[in-house]
Amino acid sequence: MKIINISEAKTQLSKLIDQAVNGQPFIIAKAGKPLVKVIKLDITEKLVTKRIGFMKGQINVPDDFDAMGKSEITRRFEGTLD
């Protein structure tokens, strides 16, 4: 496996990542001491967390949510009351 010094890895990072993605992992070293191994990830699931419905069961929305404060909003924006 190829060992690359950290300063060389900085200048050739895009090329090195392309090689790792194509099955050629490498090791980044500092002063000749290996620090990290870069390999292609084998991801079978999405890494993005689904956000819709993440608070289901934790909060309650009132039935009159759409009408809450209607008269106050009308009064302030139109100068009238319901």
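Q: What makes up the accessible surface of the protein chain?
A: Carbon and sulfur atoms hold 56% of about 7700 Å², an area found by the Shrake-Rupley method with a 1.4 Å probe. The model is predicted, so local features need pLDDT of at least 70 and side-chain atom pairs count only at pLDDT 80 or more, while totals for chains, interfaces and linings use all residues. Residues are numbered from 1 along each chain as its sequence is written, and side-chain values use heavy atoms, with hydrogens and water left out.

Q: Why are Leu-16, Gln-19 and Ala-20 called buried?
A: Buried means under 20% relative accessible area (exposed is over 50%, partly exposed in between; 1.4 Å probe, protein chains only). These three residues of helix α2 (residues 13-21) count as buried. Of the 82 residues of the protein chain, 12% do.

Q: What puts these residues on the same side of α2?
A: They cover an arc of only 100° around the axis, so they lie on the same side of α2; the arc is that of the directions from the helix axis to the C-beta atoms. Their cover includes β1 (2-5) and α1 (6-11), by contacts of heavy atoms within 4.5 Å.

Key. Helix = DSSP H or I, 4+ residues; strand = E, 2+ residues; numbered from the N terminus.
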